[in-house]
Number of protein chains: 2
Amino acid sequence: MDNLRIPGPTPLPDEVLKTMSRQMINHRGPEFKQIQDDVLTDLKKLFMTKNDVFLLTGSGTGGLEAGVVNTMSPGDKVLSVSIGVFGDRFAAIAKHFGADVTNLNVEWGKAADPDAVRKALQADPRIKTVLVTHNETSTGVTNDLKAISAVVKEFDKLLVVDAISSLGSIEMPVDDWNIDIAITGSQKGWMVPPGLAMVSVSQRGWQAHAESKIPSFYWDFGKAKDYLAKGQTPWTPAVNVIYGLEVALKMMLKEGLPNIFARHARIAQSVRDGIKALGLSLFAEESHASNTVSSVAGSNGLDTRKLVKIMREQEHVVLAGGQRTLDGKIFRIGHLGWVSDDDIKGFLSSLKKVLPQAGFKGG
Amino acid sequence: MDNLRIPGPTPLPDEVLKTMSRQMINHRGPEFKQIQDDVLTDLKKLFMTKNDVFLLTGSGTGGLEAGVVNTMSPGDKVLSVSIGVFGDRFAAIAKHFGADVTNLNVEWGKAADPDAVRKALQADPRIKTVLVTHNETSTGVTNDLKAISAVVKEFDKLLVVDAISSLGSIEMPVDDWNIDIAITGSQKGWMVPPGLAMVSVSQRGWQAHAESKIPSFYWDFGKAKDYLAKGQTPWTPAVNVIYGLEVALKMMLKEGLPNIFARHARIAQSVRDGIKALGLSLFAEESHASNTVSSVAGSNGLDTRKLVKIMREQEHVVLAGGQRTLDGKIFRIGHLGWVSDDDIKGFLSSLKKVLPQAGFKGG
């Protein structure tokens with residue numbers, strides 16, 4: 001079996017794989033209600049929130065679209081804090097639906113500076129909403145969301161967070177950090193297949209929802225809330241991904257949040273240490289290097305595209321390349337969800353073996 | 001195990017169940033490309049189309065929203081031909097995104113009259129687009145889509161069809177019938193879990209897409225087409241539902257379309273015959289009764305809500321009740337996808353047993 005080391009979809013534990021093949025049930029019957037209630041109770045523990053949480057059937061990007069269309073109106077001033085491809089996507093969605101987006105774009109590989117956020121909010125008091133990526137999957141950088149949120153809340157703005165590749169893997173207490181809308185995706189740290197976006201909505205989020213004038217039908221949080229009161233979802237949900245999520249959440253709660261965070265931190269450190277020991281350069285600034293995905297620069301003759309290909313074909317280790325302007329310049333390693341120290345040892349030993357074939361002259 | 005006799009999610013065959021628990025893969029790698037290519041090649045055979053076909057991660061209603069936001073502009077005149085809950089939902093989506101909707105609403109339980117469609121199109125030449133439900137799941141009625149399409153094409157209008165509970169189960173040759181946008185959902189006759197909408201887009205559909213001014217990001221057919229050229233989807237797809245679909249499509253092609261249609265027709269007839277033999281009344285007009293879902297009226301003292309409950313609790317047969325104004329007035333039986341004569345025999349024998357407990361005095 002391949003060692004799937006991309007930042008999602010992530011490998012599924014056996015317990016989850018097993019439950020994926022359970023027979024279908026009525027999504028408007030009592031059995032589904034019980035499963036969804038159970039899943040949402042557990043999700044709230046992992047989101048560390050008392051806010052409403054919903055399961056939306058779609059990709060993570062659908063969750064981002066939901067975050068936009070439920071909270072904004074055309075012409076609304078929005079500050080986008082972007083540190084990579086997914087931050088840019090979030091801004092593009094808001095712009096696409098008519099928001100007036102001010103871009104606070106940070107050099108790729110670096111984190112956003114909370115003071116820069118403060119200056120941007122001071123510069124334009126009309127800004128209503130701030131979009132932030134907690135963990136930027138394209139660069140392997142984690143923003144200091146706690147500090148950014150504190151600034152956003154100094155100015156009493158709505159905070160909408162792409163937490164797709166952070167929630168459930170690295171610390172992100174939704175209530176303590178005053179996150180109004182938090183969005184994550186099933187195929188990341190949650191150890192289940194893609195097909196579900198999970199979102200939380202604060203009271204402040206509901207106020208924004210009430211005022212929002214962007215049309216939303218499929219993604220409407222209001223409909224999600226109405227149907228949840230009946231133990232249902234408005235539209236037929238991805239039932240078997242929810243089966244998987246129920247099992248995965250029990251595994252996560254059994255491990256415990258502090259242990260999950262510690263494991264991700266330890267494994268990420270061993271990835272970074274191993275990368276450096278091979279003479280490779282980390283792309284992300286180390287002070288904000290992500291504990292869920294690492295990025296490595298193509299230094300010293302290393303052809304990153306070739307490396308990704310050789311690793312897959314010869315070593316059965318599946319890595320991710322760079323996206324957009326980083327294509328051919330970096331490669332990325334996912335280490336979130338169901339990942340062990342042995343997975344990383346295997347990855348590093350394969351990497352060491354094939355580096356010379358991919359042109360690497362360093363080390 | 002329950003005899004799941006709702007009109008979706010439908011039961012999964014063993015071969016599909018087995019493949020649902022395959023390990024994850026990279027959705028931007030060669031293995032996914034091969035699977036998606038294979039699935040789309042087979043889907044085109046079952047859609048009977050040379051048009052573009054896309055896999056969208058979402059519920060069927062997401063597919064309907066995609067059909068609207070990709071083809072219309074605010075203010076566009078749209079004719080909605082609705083014969084039930086899902087036709088009304090389609091119209092509501094179009095209206096929600098700003099279309100100027102003319103409603104041709106037909107009494108629930110009956111099919112639309114192609115002549116009425118002609119009159120509506122004659123009455124307002126500004127109509128650009130016609131929305132039609134092929135098979136109305138809420139009433140168990142199948143429209144004469146071939147005849148309706150012929151009328152729509154007399155007037156050279158765009159035809160957008162909700163084929164969620166028809167395609168793959170009852171005849172619907174997309175190209176022969178000139179369907180510009182056909183939308184279906186994985187959890188119906190396709191025998192896989194919910195989580196995918198499958199859509200086809202004609203040349204005419206692409207023209208409408210080029211002119212459309214409703215903002216669409218997640219559902220944008222243009223992005224789907226761009227990424228398909230690379231063997232990918234724009235956003236992380238519901239990988240394991242696609243695994244299931246690949247297997248289910250092979251089963252369907254092995255059975256053969258004429259045989260699938262004949263099986264659905266035969267089984268539907270045995271449901272209707274059995275219902276009548278018990279002294280119950282069919283709700284849908286028999287000339288247009290659906291071959292995928294049947295509806296039964298709550299006549300002669302029958303409490304349909306109670307019946308659905310007793311059937312589930314005592315007989316482990318899961319039926320659907322009525323929706324909206326039909327709640328408490330009808331019950332529904334799904335017989336699409338992986339359904340056999342024995343499933344129906346079991347359902348009818350359970351039904352016969354419990355009818356008196358649900359207040360039925362007839363028969």
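Colleague: Let's start with one spot: in which loop of chain A is the place of H316(A)?

Modeller: Bear in mind that we're looking at a predicted model. H316(A) has a positive phi of about 55° although it is not a glycine. As for its place, H316(A) sits in the loop between α11 and β13 (317-318) of chain A.

Colleague: Is H316(A) buried, partly exposed or exposed?

Modeller: Being buried takes 20 or more other C-beta atoms within 10 Å, and exposed means 12 or fewer. H316(A) has 13 C-beta neighbours inside 10 Å, so it counts as partly exposed.

Colleague: And N300(A), what is its phi near?

Modeller: N300(A) belongs to the loop between β12 (293-297) and α11 (304-315) of chain A. N300(A) is partly exposed, because it has 14 other C-beta atoms within 10 Å. Most residues other than glycine have a negative phi. N300(A), though not a glycine, has a positive phi, near 55°.

Colleague: Which peptide bond of chain A is cis, with omega near -5°?

Modeller: Look in the loop between β1 (3-4) and α1 (14-20) of chain A, where P9(A) lies. Most peptide bonds are trans. The cis bond with omega near -5° runs from G8(A) to P9(A).

Colleague: What about chain B, where is P9(B) found?

Modeller: In chain B, the peptide bond from G8(B) to P9(B) is cis, with omega near -5°. P9(B) is in the loop between β1 (3-4) and α1 (14-20) of chain B.

Colleague: Stepping back, what radius of gyration does chain A have?

Modeller: Chain A has 12 helices and 15 strands, and its C-alpha atoms fill a box of roughly 60 × 55 × 30 Å along the principal axes. A compact globule with 363 residues would have a radius of gyration near 21 Å, so the value for chain A agrees: 20 Å.

Colleague: How much of chain A is made up of buried residues?

Modeller: For some background, residues 24 or more positions apart account for 73% of the contacts in chain A with a separation of 6 or more. Of the 363 residues in chain A, the buried ones make up 57%.

Colleague: Which residues have the most contacts inside the largest nonpolar core?

Modeller: That core has 245 residues. Leaving aside neighbours within four places in sequence, A94(A) is in contact with several residues, including V68(A), M72(A) and L131(A). Those with the most contacts inside the core are A94(A), V199(A) and A94(B).

Colleague: How far apart are the end C-alpha atoms of helix α9 (residues 239-255) of chain B?

Modeller: Among the buried residues of α9(B) are V239(B), Y243(B) and M252(B), and the helix is followed by G256(B), with a positive phi near 95°. At 1.5 Å a residue, the 17 residues of α9 should span 24 Å, so the distance between its end C-alpha atoms agrees: 25 Å.

Colleague: Last one: which helix gives the largest share of the side of chain A that touches chain B?

Modeller: The contact takes 43 residues from chain A and 43 residues from chain B. On the chain A side, α1, α3 (60-69), α4 (85-96) and α9 (239-255) each supply at least two residues. By class, that side has 22 nonpolar, 19 polar and two charged residues. The largest share, four residues, comes from α3(A).

Technical notes. Residues numbered from 1 in each chain as written. Chains lettered and ligands numbered in written order. Predicted model: local features only at pLDDT ≥ 70, side-chain atom pairs only at ≥ 80, totals over all residues. Core = buried A, V, L, I, M, F, W, Y, C linked by C-beta atoms within 7 Å. Contact = placed C-beta atoms within 7 Å. Rg over C-alpha atoms; globule rule 2.2 N^0.38 Å. Expected span 1.5 Å × (residues − 1). Nonpolar A, V, L, I, M, F, W, Y, C, P; charged D, E, K, R; others polar.
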